[in-house]
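Dear colleague,

Please find the structure below, handed over for your review. A short account of the findings follows it.

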Amino acid sequence: METVYIGLGSNLAAPEQQLRQALAALAALPDSHWIGASALYSSESLLPGQPRYTNAVAALATDLAPLALLDALQAIENDQGRERLERWGPRTLDLDILLFGERVIDEPRLKVPHYHMQARAFVLYPLAELVPADFVLADGRTLQGLLDECPFEGLQRL
Ligand code: ROI
């Protein structure tokens with residue numbers, strides 16, 4: 001089994017409820033075991049003019065292959081009414097594979113570690129609740145190093 005970290009985000013249709021429903025769906029994924037989830041965090045959208053986001057990170061142990069996990073996450077997004085209208089648009093639910101064990105994955109549908117995670121407080125601070133303080137990413141960077149570059153400012157722990 002590999003340990004995977006999944007970023008959750010929502011800024012439409014009762015975001016806290018969307019995240020709680022999604023966490024329950026993640027806990028029920030086949031061939032996987034629940035490890036835990038961070039608190040929920042609220043922050044402004046990185047793109048102006050959108051509602052605030054609620055974000056969290058979940059940890060699972062899984063025997064699913066990366067693309068099978070991605071398919072399962074997209075099915076959960078779709079179940080919760082995700083409509084893919086515009087890239088970066090507001091969404092009922094976004095599920096991103098942040099880290100997949102130690103793997104570096106570079107496929108058209110899936111890049112891991114997730115592209116933007118290194119600079120996003122709403123990913124790094126929840127992730128830091130789930131991993132040891134000396135956690136090292138597949139590319140050698142430490143989580144602490146990323147946190148040092150990424151102010152907590154603007155993030156509200158719910
Ligand atoms: N902003 C926040 N705070 N949280 C998100 O999950 C998020 N996701 C996005 C954009 C629009 C970039 N901004 C975000 O895709």
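Where does the ligand sit? The ligand sits in the largest pocket, where a pocket is an open set of points on a 1 Å grid over the protein atoms alone, with protein on both sides within 12 Å along at least five of seven lines; sitting there requires more than half of the molecule's atoms to lie within 2 Å of its grid points.

This is a predicted model, in which local features need pLDDT of at least 70 and side-chain atom pairs count only at pLDDT 80 or more, while totals for chains, interfaces and linings use all residues. Residues are numbered from 1 along each chain as its sequence is written, and side-chain values use heavy atoms, with hydrogens and water left out.

A polar backbone atom of Glu44 is 2.8 Å from a ligand nitrogen atom, and a backbone N or O atom of Leu46 lies 3.2 Å from a nitrogen atom of the ligand. Asn55 places a polar side-chain atom 2.8 Å from a ligand oxygen atom. The ligand taken alone exposes 350 Å², of which the protein buries 95% (Shrake-Rupley method, 1.4 Å probe).

Gln50 is buried, at 13% relative accessible area (buried means under 20%, with a 1.4 Å probe and protein chains only).

With kind regards

Conventions:
Polar contact = N/O pair within 3.5 Å; in protein donor to acceptor, adjacent residues only side chain to side chain. 1 Å grid on protein atoms, 1.4 Å probe; cavity = no way out; pocket = protein on both sides within 12 Å on 5 of 7 lines; lining within 4 Å. Buried < 20%, exposed > 50% of the residue type's maximum accessible area, 1.4 Å probe, protein only.
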